[in-house]
Amino acid sequence: DAPLSVLAYVLATGKDSRLVKRLQIEENLAQSVWCGHLSGEVAGSFQAVVTVRPEISLDRAEDALWEEMERIGRDGVAPEEVQAAVDSLTVGVLKRLQMVGGFGSVSDMLNYYEVFAGDPGGLEGELGRYARVSVEDVAGAARRFLGRDGYAAVSVVPRRPRPSVLDRGELPAAGEMRPFAFPEVHRDRLDNGIEVWTLPDPTVPLVSVAAVLGAGSALDPTDRPGLAFFTAGLLDEAAADQDAVALAIRKKRMATALATRVDAEKVTLSLTLLRERLREGTALLADVLLRPEFRLADVERVRKEHLASLLRRLDEAPELGDRALKALLFGEASPYGHPTDGHPESLESFRREEALDFYRDALGAEVTSLTRYAASPEPDDVPPGAEDKVMHAVVRVGDLSFMASDGRCSGTA
């Protein structure tokens, strides 16, 4: 079980994982990729789920999927891939120890090990099994279980949903109120003016860090709904001279993931990691916030990912109802009435420079230098359609400066 869980992580967790890197980053075949090992008392299953982009054939995506899975069995995995998986699985267990009841909680784990192992304290041994997984174990599991001679493939093509036959006219009764003591909040202010709120919790060796910016979707221009959402989605694609894959490797080494949330009045970037990785985690946050690069290739890829996700949600009644309610309450043209993630037509027309402008305004940044390809000293080398693109720009945030460029590209963005 442990080698298969590590294998699932190596295949499809993070932008540097085998399947995500190829199917989403390099070839742009899929909207999302997921792998998981589901173990059972008698037998288990290993699943790979790919949400293919609308214009891509299922056969093409499946061929790429098999090529990557067979590559691991043939060529093996790197030690750092295995270590990142083990660290992440360990952090996942520690997070669950913070919950007393419910699925995946302490009580659930005690019951699980009592039923299947006869020892409610079996968690310690389970973590030891993961720690002992080797690169040979993972490659061997891939060769043994990920073969074309023993699998089932299911293709799901969206259709109109059927109306629900469930009776939802009566709400369930509320449970008994339980006391809760909120942790004491310590408030400090750094020399640079940033406010820091700390809520100590010594029960587990984890730290959660969140950076909150006062620049949400309410600052979207009236004719550009969704710009804050689009800009926030680009922050961790490339930063501090590292591309999306390099940043994903960096996050894996810390056994963490960076979450981005956009609300009407704020943008929040957060991560949870082991206590000893706190300094590395805050350095990652600083790079993403202060040194994003907004590379043109990432702008185009993120645009396609957001657009595919948005078009899919627009087929869902709850999404349509939420959009209609906000427009009715506040007026669609108001700062609070338009959808946070915008409309398909606005998303398709966003340009990289608009994201840079929004980022500059949100963080108080200043563009100190900007040169377009139209002013290039070698005009014959400028690709057609690139004349208005940025050849070189310098942006300053406080005492820091970073450079940005659209690169040598053609077409519009």
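**Ground rules.** I am working with a predicted model, where local features need pLDDT of at least 70, side-chain atom pairs count only at pLDDT 80 or more, and totals for chains, interfaces and linings use all residues. Residues are numbered from 1 along each chain as its sequence is written, and side-chain values use heavy atoms, with hydrogens and water left out.

**Whole chain.** Of the 413 residues, 41% are buried. Buried means under 20% relative accessible area, exposed over 50%, and partly exposed in between, with a 1.4 Å probe and protein chains only. Next I checked contacts, meaning heavy atoms within 4.5 Å. Among those between residues at least 6 apart in sequence, 64% join residues at least 24 apart.

**Helix 1 against helix 4.** How do the axes of helix 1 and helix 4 cross? For helix 1 (residues 2-12) and helix 4 (residues 79-96), I noted axes that come within 9 Å and cross at roughly 105 degrees. That makes the two helices roughly perpendicular. The axes are lines fitted to C-alpha atoms, for helices over the stretch in contact, and angles run from 0 to 180 degrees between N-to-C directions. Under 35 degrees counts as roughly parallel, over 145 as roughly antiparallel, 65 to 115 as roughly perpendicular, and the rest as oblique. On the helix 1 side I listed Ser 5, Val 6, Tyr 9 and Val 10; on the helix 4 side the list includes Val 82, Ala 85 and Leu 89. I sorted the residues of this contact into eight nonpolar, two polar and one charged. Here Ala, Val, Leu, Ile, Met, Phe, Trp, Tyr, Cys and Pro count as nonpolar, Asp, Glu, Lys and Arg as charged, and the others, Gly among them, as polar.

**Helix 1 against helix 7.** Helix 1 also packs on helix 7, at about 90 degrees with the axes 9 Å apart, so I wrote this pair down as roughly perpendicular too. Pro 3, Leu 4, Val 6 and Leu 7 meet Asp 137, Val 138, Ala 141, Ala 142 and Phe 145.

**The core.** Which residues touch the most other members of the largest nonpolar core? I found Val 6, Leu 7 and Leu 11, in a core of 35 residues. Such a core is a set of buried Ala, Val, Leu, Ile, Met, Phe, Trp, Tyr and Cys residues joined through side-chain atoms within 4.5 Å. Helix 1 gives the largest share, nine residues. Another core, of 34 residues, lies apart from this one, and Leu 235 and Leu 307 are among its members.

**Helix 8.** I checked residues 227-234 and found six of the eight buried, so helix 8 is largely enclosed by the rest of the structure. Phe 230 and Leu 234 are among the buried ones.

Ala 240 lies between helix 8 and helix 9, while Phe 294 lies between helix 10 and helix 11. Are they buried or partly exposed? I noted Ala 240 as partly exposed at 25% and Phe 294 as buried at 1%.

Methods. Helices (H or I, at least four residues) and strands (E, at least two) are DSSP runs, numbered from the N terminus.
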